[in-house]
Amino acid sequence: MVLAGTHAGSGLFHIVLTHGCLPEVSYQRMNAAQNELAMPLTGIRVLDLTRLLPGGYCTLLLADMGADVIKVEEPETGDYMRWTPPLVDGQSALFNAINRNKRSVTLNLRTDAGRELLLRLVEGADVLVEGNRPGVMERLGIGWDVLHARNPRVVMCSITGYGQDGPFASRAGHDLNYMATAGGLGLNGELEGPPIPLAVQVADIGGGGLQPAVAILGALMGVQRGGEGRWIDASMTDGAVTWLGMAFAARDAGESVLRGDQRLAGRYACYRVYACKNGGYFSVAALEPKFWSALCNALERLDLVELQYSEDPATQTALEEIFASQTRREWQETLAPLDACCEPVLEIDEVRHHPQIAARRLFLGQASGLEIRPAVVMADGWRRREPPRLGEHNEEVYAAVGLDPKRIEELRQEGVI
């Protein structure tokens, strides 16, 4: 990943992508000092002004690496995801899934006192992440120029659907719209069938979560080396487009790239999903000749070895008939010992019980509900806090920037916090 496309005098950077359970140890009983020192982002403070999935996932990645992430939320309502069913003890399980290790304060940014209090928080922050439409922060009086003047080392990341400029900059949208615009939705589905929405929010999580987090880390490295903070323009649509780099490359080289007829989306019998007897499916990804040969040998169909990349529908039909002859469990028993890139398609309720997933201890139970640990764990003690209640940390955060209890109560009565 590189940062490119600087806007003269603005410091604005575009993101461009170049092409079972853990041990049941309560975080309250952990050796806090030792664990904090072990985390790579200990000492980094992040102000998270975002709502819903993209920004929340971005700051979750930073929080799990040790950053002190403070969610700045609107009084009374907070992050909309807090109230999205299903609820666990009055708070959304979806919210809990992406907001551990964070603190929450309430702040009304439509008031003068609220904006000034945010700027006081910015003075001690390293990163501010926001997800408003372009121009909103400026209209509130807390845009990039103001934040940069208050703290020249702060990194500001603006996560939007379509970016800070262009004719769609202020257009509303959600993941399905971004994937539709990027071309990813148009490629997903069966040949000659309709586009099928992706079950995972690729633009939200990838373009609005993962890629901004990487860009933030790069910008922080620049600050660490003595540079000033940067304004990162993170477009979820841009992120989705860059993830289609190989599809565009194939198309520009003259290859047909159609829905359901791509190299890795149904064109070849060696890379498809097959229905089994009595329900269930099996994935076959035998792209390399050695894997395909091993599979054909196990299926006792050596006549198919030379047809690995044949586009004759008869080859696919042969595999369909073979897999339809046995149940998924029977095929799993037959193919499990085989080194041929073949695995059963798991339903979501089966995932946590898979022996590999269980061995990796990806799932853990907490008071806030079932959680999935970070994909990459760099140190023990990554889980430090339960997902916060709305405004749970008002007193401790605002006291740290000089507000006494009386002033905090006044701001609460005035509707500022």
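Predicted model: local features only at pLDDT ≥ 70, side-chain atom pairs only at ≥ 80, totals over all residues.
Reader: Hi! How do the axes of α2 and α8 cross, and at roughly what angle?
Author: Helix α2 covers residues 52–64 and helix α8 covers 202–224; their axes come within 8 Å and cross at roughly 40°. That makes α2 oblique to α8.

Reader: Is that crossing left-handed or right-handed?
Author: The crossing of α2 and α8 is right-handed.

Reader: Nice. Which residues make the contact?
Author: From α2 there are Leu53, Pro54, Gly55, Tyr57, Cys58, Leu61 and Leu62. Helix α8 brings in residues including Gly208, Gly209, Pro212, Ile216 and Leu217.

Reader: And how many of those contact residues are nonpolar, polar or charged?
Author: Between α2 and α8, the contact has 12 nonpolar residues, 3 polar and 1 charged.

Reader: Switching to strands: what order do β11, β12 and β13 take in the sheet?
Author: These 3 strands form an open sheet ordered β11-β12-β13, with antiparallel pairing. At the edges sit β11 (271–275) and β13 (342–344), each pairing on one side only. From one strand to the next, the twist averages 20°.

Reader: Over how many bridges do β12 and β13 pair?
Author: Strand β12, residues 281–285, pairs with β13 over 3 bridges in the antiparallel sense. Valine 284 stands opposite cysteine 342 of β13.

Reader: Last one, thanks! Which strands do α13 and α14 lie across?
Author: Helix α13 (residues 313–323) lies across β11 and β12, at about 40° to β11. Helix α14 (residues 328–335) lies across β12 and β13 and runs at about 35° to β12.

Methods: Residues numbered from 1 in each chain as written. Heavy atoms only, no water. Axes fitted to C-alpha atoms, helices over the stretch in contact; angles between N-to-C directions. Helix = DSSP H or I, 4+ residues; strand = E, 2+ residues; numbered from the N terminus. Parallel < 35°, antiparallel > 145°, perpendicular 65-115°, else oblique. Left-handed = near helix turned anticlockwise from the far one by under 90°. Contact = heavy atoms within 4.5 Å. Nonpolar A, V, L, I, M, F, W, Y, C, P; charged D, E, K, R; others polar. Pairing = 2+ DSSP bridges.
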